[in-house]
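The entries follow the order in which I worked.

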Amino acid sequence: SKAALRLVDDPSYREFVYTDELGQIAYKTTCITRTLKSGKLKNRWKTLGYSVKGDFYYRHMQWTRRRFLYRLRDVQAAKTILYVEGESDVEAVRRLGWLDLDGLPVACTTAAGGAMAEWRPSFTRTVEKKLRHAILGDNDLPGRRGMQKIYDALLPVVGASAIRMVH
């Protein structure tokens with residue numbers, strides 16, 4: 001429809017696709033940015049989950065299905081992982097094309113929900129064999145708390161020498 005086409009071309013509409021280990025779409029998060037009368041920007045986030053057959057249904061961050069790190073396939077292939085607060089931050093870092101000490105691309109990831117997301121044990125299992133971990137959050141209270149959750153979960157598994165918190 002014309003409305004759907006307008007949304008896709010609209011810079012205030014952003015869509016981020018989460019895949020499973022096989023690269024199949026598990027769910028998408030979308031953000032629609034609106035300008036309030038006061039001039040402030042307000043983001044409205046939704047999550048759209050996909051069934052095994054490919055038809056979709058709506059859930060709002062309360063689904064019981066498995067959750068995955070954003071850009072999971074990049075995370076699986078990399079030796080160095082950079083954790084940031086949200087999907088937009090991941091995409092910004094990807095555009096920079098950062099390389100690790102071995103000259104390989106740095107995989108940047110986040111969990112759906114950004115700083116407020118629950119860091120799940122399955123996320124830690126996904127990255128436990130990676131050589132280097134860097135954690136970079138926004139410089140605000142939710143950002144520091146969210147990144148501390150990741151640090152606390154990774155510390156006993158990968159050790160302090162493999163993790164760097166960037167403040």
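I call a residue buried under 20% relative accessible area, exposed over 50% and partly exposed in between (1.4 Å probe, protein chains only). I am working on a predicted model, in which local features need pLDDT of at least 70 and side-chain atom pairs count only at pLDDT 80 or more, while totals for chains, interfaces and linings use all residues. Residues are numbered from 1 along each chain as its sequence is written, and side-chain values use heavy atoms, with hydrogens and water left out.

Entry on aspartate 100. I looked up this residue and found that it is buried, with a relative accessible area of 10%. The side chain of aspartate 100 meets that of arginine 132 in a salt bridge of 3.4 Å, N to O, the term standing for a side-chain nitrogen of Lys or Arg within 4 Å of a carboxyl oxygen of Asp or Glu. Arginine 132 counts as partly exposed at 22% relative accessibility.

Entry on helix H3. I took helices (H or I, at least four residues) and strands (E, at least two) as DSSP runs, numbered from the N terminus. In H3, residues 87-96, I noted Glu87, Val90, Glu91 and Val93 as buried. Seen down the axis of H3, these buried residues fall within an arc of 160°, so they line one face of the helix; the arc is that of the directions from the helix axis to the C-beta atoms. On the other side of H3, Arg95 and Leu96 are exposed, and just after the helix glycine 97 takes a positive phi of about 70°.

Entry on the salt-bridge network. Which residues are linked in a network of salt bridges? I found Arg71, Asp74, Glu91 and Arg94. Glutamate 91 meets arginine 71 at 3.0 Å, N to O; because glutamate 91 lies in H3 and arginine 71 in the loop between strand S4 (56-59) and helix H2 (72-77), the pair ties together parts that are 20 residues apart in sequence. For arginine 94 and aspartate 74, the closest N and O atoms are 3.5 Å apart, and this pair links H3 to H2. A search of the whole structure gave me eight salt bridges.

Entry on strands S7 and S8. Strand S7 (residues 132-136) runs parallel to S8 (residues 163-166), and four bridges join them, where pairing requires that DSSP find at least two bridges between two strands. I noted arginine 164 in S8 as the bridge partner of alanine 134.
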